Amino acid sequence: MDIDPADIAHLYRDKYAGDTSADMRDDLIRLGSGEPLAYVIGWIPFLGLSLRLDSHPLIPRPETEWWTEALIAHIREKYTEPISLLDLCAGSGAIGLSVLQAIETANVSFAELSPVHTALIAMNVDENQLDKARATIASGDLFAPFASERFTIIATNPPYIPEGRELDPSVMHYEPHEALFAGSDGLSIVRRIVSDAPDHLLPGGELWMECDNSNAEGAASLMRDRGFSAVEIRNDHYGRPRIVVGYFP
């Protein structure tokens with residue numbers, strides 16, 4: 001497999017601090033096999049953070065960065081009192097860590113199925129010198145780690161790709177399938193989240209949920225049926241349906 005010269009330049013810059021004498025032979029083998037550049041470098045930038053990827057969580061995408069930035073702007077505009085936010089299906093912790101950094105009055109909880117990823121989130125808190133006192137990290141299935149708690153906002157990038165869809169080999173062969181695929185229509189995890197979210201939201205609480213452009217309408221319908229109001233589908237910066245936002249009475 002041919003290696004993009006731009007990827008080599010990124011390796012020198014982001015993994016070896018510009019040291020062009022660094023021994024990159026193993027890195028080039030990994031890139032040549034199709035492994036994503038972000039995994040080979042070991043970290044990725046996200047809204048001013050440096051997110052380590054040691055446990056190989058889903059690599060944060062620009063689409064997620066786009067709506068996380070919009071979420072932060074919304075929090076700044078709407079809330080003057082401290083808020084609580086749950087980053088559900090947290091992976092690397094990108095969404096919650098960005099809120100933790102940007103909103104000094106936010107208490108952020110992270111729920112992630114895999115313990116290796118929760119350990120990574122803790123590492124990312126430390127390496128970005130974020131406030132540990134406002135971060136709670138726990139592993140378990142969806143809401144299980146926070147069964148009795150309620151939040152101002154639930155923000156989630158759950159698995160949402162329909163089974164059977166062909167993806168780029170670098171995604172299919174290296175990124176975690178459990179963070180990508182969710183049943184024949186891509187909504188199996190979304191259904192569970194929408195069903196249970198009201199039990200974990202404070203009055204007037206909000207659910208921000210990333211979706212596939214093929215099932216955003218379906219996700220919005222599920223939210224309306226569950227009693228969410230003012231449900232809105234927002235297009236990402238590429239003009240594709242990406243995020244569904246709803247409010248619970």
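Predicted model: local features only at pLDDT ≥ 70, side-chain atom pairs only at ≥ 80, totals over all residues.
Residues are numbered from 1 along each chain as its sequence is written, and side-chain values use heavy atoms, with hydrogens and water left out.

Let's start with the charges. Searching the whole structure turns up 17 salt bridges, each being a side-chain nitrogen of Lys or Arg within 4 Å of a carboxyl oxygen of Asp or Glu. One of them pairs Lys-15 with Asp-27, with 2.9 Å between the closest N and O atoms. Lys-15 sits in the loop between helix 1 (5-14) and helix 2 (25-32), and Asp-27 is in helix 2, so this contact ties together parts that are twelve residues apart in sequence. Helices (H or I, at least four residues) and strands (E, at least two) are DSSP runs, numbered from the N terminus. Asp-27 is buried at 4% relative accessible area, whereas Lys-15 is partly exposed at 31%; buried means under 20%, exposed over 50%, and partly exposed in between, using a 1.4 Å probe and protein chains only.

Next, Glu-175 and Arg-61 form a salt bridge, their closest N and O atoms 2.8 Å apart. This pair links distant parts of the chain, 114 residues apart: Glu-175 is in the loop between helix 7 (169-174) and helix 8 (188-196), and Arg-61 in the loop between strand 2 (49-52) and helix 4 (62-78). Glu-175 is buried at 5%, and Arg-61 is partly exposed at 27%.

What about Asp-126 and Lys-132? Their side chains meet in a salt bridge at 3.1 Å, N to O. Here Asp-126 is partly exposed at 43%, while Lys-132 is exposed at 56%. There is also a network of salt bridges, linking Glu-63, Asp-236, Arg-240 and Arg-242.

The largest pocket has a volume of about 850 Å³. A pocket is an open set of points on a 1 Å grid over the protein atoms alone, where a 1.4 Å probe fits, with protein on both sides within 12 Å along at least five of seven lines; lining residues have an atom within 4 Å of a point. Of the 42 lining residues, Leu-58, Asn-157, Pro-158, Ala-179 and Leu-180 are the closest to the centre of the largest pocket. Helix 4, strand 3 (83-88), helix 5 (94-102), strand 4 (106-112) and helix 8 each give two or more residues to the lining.

Notes:
Points joined across faces, edges and corners; volume = space filled by probe spheres on them.
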